[in-house]
Each structure stands twice: as structure tokens, then as C-alpha cells.
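Thanks for coming, everyone. I'd like to walk you through a two-chain model today, so let me put it on the screen.

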Amino acid sequence: MRISRSIEIWVGFFVAIGFVAMFFLSMQVSNLSSISGEPGYDITASFENVGSLKVRAPVAMAGVDIGRVTAIDFDPKSFEAVVTMSIESKYSELPSDSNASILTAGLLGEQYVGLEPGGEEELLEDGSEIEMTQSALVLEKIIGQFLFSSDAEE
Amino acid sequence: MFDIFQRLGASTLGILERLGRGATFLINILISLPTVLVRPRLLITQMFSIGVLSFSLIVISGLFVGMVLALQGFYTLSDFGAEGMLGVMVAASLVRELGPVVTGLLFAGRAGSALTAEIGLMKATEQLSGMEMMAVDPVARIITPRFLAGLISMPLLATLFTSVGVLGGYFIGVGLLGIDEGGYWSQMQSKIDFHQDIMNGLIKSVVFGWVVTWIAVFEGYDAIPTSEGVSRATTRTVVHSAFAILLLDFILTALMFGDV
């Protein structure tokens, strides 16, 4: 069976453009271009309340994303939430007394972990824990406190 | 009175019988896969009639679906002052749902019906039994190349549909409605995950391609060899494919995204 050359060319063109579309989707549409190949190192932090923090939420220092939340567990002994974060290995020189807080991007945006550097010489490494943490602000509690205090003033 | 039960039982047995025949047919196709790999030309001709000829339909539909999504999304999002999220909305709905599902439905209508009609007519004009007489296995020669071509074409078409849709949303969102260009792409990149969204969308399109081509070739092969039988088989292909796609889409979505 002989098939004309133009059919082969068309099929080749079709397959090629399919792969171009796949490349476009992975590079331009998804986060694949921003994931670094190196695995990075894990640090943990315990929070009293993580609010609505989700796995894969960004970890930012000075507003720059330096890692992602990889797991959120509950510690049944201390009744605290243990957040595991993977920090990109190129940001390996973070002081060990850095503090972590859960912040919100915008008024109603998603929550992320903000790190602030400390002054210690020692550095955070794989498996180390951040001691100083600040929990998520729960909007209902703040509104409750505000109403309560304005009531008391009257 | 007993007549009803009798007919109910007969139709149930009929459905089970067809399902069984479909399954053994699929096994026959899978067994004869190696013979197609030896003759890639059979596959290439089928890729042309299944994939390349559906190309323009998919690209144009994708473009308009993306453009409509951007227009409608803008209307709702601007109420909350969240127009910047338009890119995420367009991309997420296309990558996760509309890309695979709409492509699957169009594919069933464009390529699936053509497959059934072609194979059904071959059966009606006794070309298939003629092949058997010449000791050529019609499943390996006719059915399997078509099945494999559908299986390969469908993910490619779905990816194209999604990409063109995202671009269509970009033209409307950035060009017509004046959304910030950088925001459109960067919000999208920060929210759409490669493994979670794009890979799962791709898996969906492979599953739909599998199911649609399976139904199409089976209906054609199993058709009553008359003109009426072929026309009924073609209708059944489109209807059953649409049902199968929507049902499987629900199941796959529940499995993939249910915990998010």
C-alpha cells in the first residue's frame, strides 16, 4: 500500500504541533518553569493555628518565594500544627533564629508562610525547626475582639 | 404482565452480551497491536483521517470556547474586582474539564461517527468477510490501526484545544477587556500545577480517547450489515460516547480533584 507523501507530512505536522501545545501548556500556563530541579531542604515550624494554609502554599522571605509548604500535620501531644516546608537549596543561608508567621496575600487572598531573618550566626539546615512562630490571624476572632472592645468603651 | 419481565430480562441479557462482546473485541485489538507496529503506514493513514481532519474543528472550537470563557468570567469577576484572576479561571476550567470533555464530545461526533460508518459499510459490503477469506485478519488490518490512531490523536487534540483556548482567552481578556498582560500569565502560572492539573487533564483525554474509539470501532464491527443497521450504529456511537465521556469525567474528577 502506497500512501502519498503529503499525508505523511500532514500527520508529522499534526504530531509536532501537538507537542508544541504541550510544551506551551507546561511552560507558559503551569508552574513547571518556576520549579527548580534541585530538591532543596526541609524545615519545620509549629503553629497554634494555621488558619486555611494549604499544602503547596508559597513560603516567602521579603516578599520573594523561596520555597513551598510540603505537609501540614497535627501534633497530638502539643496540640499544635506542624508545617513542613521545603526551601530551595540556593537559599541555604537562613539564620536559625528566623521567625515564621502565617500571612494573607491581600484582604481575602490565600495564606502563605512569611519568614523573617534573625541575627544568629548558625544557619537553618535540613530537619531543623523554627522556634519563633506566629499563628494565622483568624478574621472572626479579630472582629469579635473589635466588637467587644468598642462595646466596652461605650 | 409476565411479558414485561420477559422483555426486561431479554434486554438486560442483550446489554450484558454486547458488553461481553465489546470486551473480547478489545482484547483482540490489544493482542493484534504488535502487527500494527510492524506496519506503521496503516497507522499514519488513519492518523490523517482521524487526527489531521479533526484539527481545524478542534482549533476553531477551542478558540471560541476560550473567548467565551473570558467574556463570561470577566462579567462575574469584575463584580468582585478580581479581574486579575481571569487567566486562572480560563486556564483552570480549560485544563481540568473543558479541554478533555469538549474535545472528547467533538471527537466522538467528528471522528467516532466516521469510524463506525466506515467499518459498518465495510461489513455491509462484505469487505471484512472477503478479507477473512483471504486469510487476512480484519481486526489486525482494519480495526487496530484505527483504534491506535484514535488513542494517539485524542490527547494531542485535547492539548491543542486547551492551548488555543488559553490564547483565545488572552486575546479577549488582554486585547478587548484591557486586563494586565503580566497578571494574566503570572497568576495562571502560580495557580496551575503541572502534575495536579496538566497531567490529570492529559490522563482524562487519554481515557476519553480510548473509550470513544473503542465504542466507535466496536459499533461499526458489530453493526447489522444493512444501511439501516449502519445508521443506527453510527447514532449509537455518538450517544454512547457522550454518555461514557460525561460519566467517566465525573468519576475521574472525583478521584483526581476530590480532595482539593
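Let's start at one specific spot: Pro58(A) stands opposite Arg68(A) in S3(A). Before I go further, some housekeeping. This is a predicted model, so local features need pLDDT of at least 70 and side-chain atom pairs count only at pLDDT 80 or more, while totals for chains, interfaces and linings use all residues. Residues are numbered from 1 along each chain as its sequence is written, and chains are lettered from A and ligands numbered from 1 in the order in which they are written.

Back to that spot. Strand S2 (residues 58-61) and strand S3 (residues 64-75) of chain A run antiparallel, joined by four bridges. When I say strand, I mean a DSSP run of E of at least two residues, and a helix is a run of H or I of at least four, both numbered from the N terminus. Two strands pair if DSSP finds at least two bridges between them. Further along in the pair, Ala60(A) stands opposite Asp65(A) in S3(A).

Now the turn. The hairpin of S2(A) and S3(A) has two residues between the strands, and Ala62(A) takes a positive phi there. Ala62(A) sits in the loop between S2 and S3 of chain A. Its phi is near 55°, a positive value in a residue other than glycine. Is Ala62(A) buried or exposed? Exposed, with 9 other C-beta atoms within 10 Å. The cut-offs: buried takes 20 or more other C-beta atoms within 10 Å of the residue's own, exposed takes 12 or fewer, partly exposed is in between, and the C-beta atoms are placed from the backbone.

Zooming out to the whole sheet: eight strands form an open sheet with mixed pairing, in the order S7-S1-S4-S3-S2-S6-S5-S8 in chain A. Why is one side of S7 and of S8 left without a neighbour in the sheet? Strand S7 (129-130) and strand S8 (133-134) of chain A stand at the edges, so each has a single partner strand.

The C-alpha trace of chain A spans about 90 × 45 × 30 Å along its principal axes. Chain A is divided into domain 1 (1-30) and domain 2 (40-143), with bounds that come from an automatic or database domain assignment. The domain centres, taken over C-alpha atoms, are 44 Å apart. Of the 154 residues of chain A, 19% count as buried.

Over to chain B. Its secondary structure comes to nine helices and zero strands. Its C-alpha trace spans about 65 × 55 × 30 Å along the principal axes, and buried residues make up 42% of its 260 residues.

One helix to point at is H9 (residues 227-257) of chain B. H9(B) has 31 residues and reaches 44 Å from its first C-alpha to its last, close to the 45 Å expected at 1.5 Å a residue; the expected span is 1.5 Å times one less than the number of residues. Buried residues in H9(B) include Val230(B), Thr237(B) and Ile245(B). What covers the buried residues of H9(B) includes H4 and H8 of chain B.

Ala135(B) lies in the loop between helix H5 (127-133) and H6 of chain B, and with 6 C-beta neighbours inside 10 Å, Ala135(B) counts as exposed.

Last stop, where the chains meet. The contact takes 25 residues from chain B and 23 residues from chain A, where contact means C-beta atoms, placed from the backbone, within 7 Å. On the side of chain B that touches chain A, H3(B) gives the most, with eight residues.

Note on methods: Two residues are in contact if their C-beta atoms, placed from the backbone, lie within 7 Å.
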